Amino acid sequence: AEAERKRVEEERKRAEEERRTVEEERIAREFAERERRREEEERARAEEEEKKRAEERRVKEDEVLREVAAVREAAAQLASSSNPNALKGLRERREEAERMLAEQLEAAGGREEWKGVGIMITEEYPYSVLEVQGIVTPDSEEPRRDVINKGDLLKSINRIPTLRLSLHEVRSLVLGPPGTWVDLTFLRGGSRGEELTVRVRRHVAGLPGSRGGSVAGSSPPHSLPQSPEMRSRGGSAGSPARSFTQSPEARSRPPSSGMPPQNIGDARLLRVE
């Protein structure tokens with residue numbers, strides 16, 4: 001009887017130990033799951049905050065570039081004015097807008113993660129579409145090539161006219177946080193053709209090996225905006241695209257626009273020299 005009692009007691013203790021071990025494992029799993037969820041929530045909050053900051057930077061750049069375009073247009077319209085005070089005021093306003101833009105671009109961080117939209121354009125105004133690799137519209141998750149046509153002229157970006165903007169500034173407007181949307185307005189059939197506005201999503205990481213060059217990699221250093229005087233030397237939409245694959249002698253010569261060649265980076269927008 002005594003031996004039976006000890007056996008029962010030992011079995012009870014083993015069962016108790018097993019229950020305790022199971023409970024401790026359950027508690028450990030629950031703790032690990034809570035920690036995992038907490039870390040995921042913290043990461044999600046950090047990503048959301050960074051996305052919000054990026055969108056705020058994008059909005060600020062749009063505002064500054066809108067002012068740059070407006071003041072350059074006003075200066076161009078008054079270029080022949082006999083009112084020196086008006087011209088001086090516009091010149092000072094333009095210089096201030098361009099200074100603000102340069103500071104904004106220099107201070108903006110996190111742009112290496114920004115994306116483009118999936119098109120290639122010529123290097124000078126009027127910015128003509130060379131190729132459509134694939135754009136994403138609100139009614140389609142898959143990239144499309146049947147909305148924008150080769151030869152369409154890029155008239156405005158988020159209702160900011162491209163007339164007085166350099167290629168670098170056009171690029172700055174197109175690039176943005178991945179997944180955000182940008183409105184592109186095109187003219188089809190020449191400068192007086194049909195106007196077409198398309199909302200497209202920023203989604204493109206890079207395009208290796210296109211037209212002899214590559215747009216994969218980091219964004220180029222920011223350059224100062226072009227003045228209207230520099231822009232007046234721009235080419236026409238009908239000019240043929242030139243390739244990145246040039247001889248060393250050709251690459252050593254400055255491009256006709258007065259700006260150095262640029263690798264557009266994460267946007268599928270190419271500057272072809």
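Which residues of H3 are buried? Keep that in mind as you click through this predicted model.

**Stop one: H3.** Select residues 167-174, which make up helix H3. The buried residues here are Leu167, His168, Glu169, Val170, Arg171, Ser172, Leu173 and Val174. That's eight of eight, so to speak: H3 is mostly covered.

**Stop two: the cover.** Now show what lies over those buried residues. Among the covering elements are H1 and helix H2 (84-107).

**Stop three: H1 against H3.** Select residues 2-77 for helix H1 and keep H3 on screen. The two helices pack at an angle of about 145 degrees, and their axes are 10 Å apart. Their crossing is left-handed. To see who touches whom, show side chains for Arg58, Glu61, Asp62, Leu65 and Arg72 on H1, then Glu169, Ser172 and Leu173 on H3. Color that contact by residue class and you'll get five charged residues, two nonpolar and one polar.

**Stop four: confidence.** Switch to pLDDT coloring. The chain averages 75, with 73% of its residues at 70 or more. Of the chain's elements, E3 has the highest mean pLDDT, 96, while helix H5 (residues 248-252) has the lowest, 33.

**Last stop: 206-273.** Select this stretch, where the pLDDT is below 50. The model gives it 149 contacts beyond near neighbours in sequence.

Methods
Residues numbered from 1 in each chain as written. Predicted model: local features only at pLDDT ≥ 70, side-chain atom pairs only at ≥ 80, totals over all residues. Heavy atoms only, no water. Axes fitted to C-alpha atoms, helices over the stretch in contact; angles between N-to-C directions. Helix = DSSP H or I, 4+ residues; strand = E, 2+ residues; numbered from the N terminus. Left-handed = near helix turned anticlockwise from the far one by under 90°. Contact = heavy atoms within 4.5 Å. Nonpolar A, V, L, I, M, F, W, Y, C, P; charged D, E, K, R; others polar. Buried < 20%, exposed > 50% of the residue type's maximum accessible area, 1.4 Å probe, protein only. pLDDT = per-residue confidence, 0-100.
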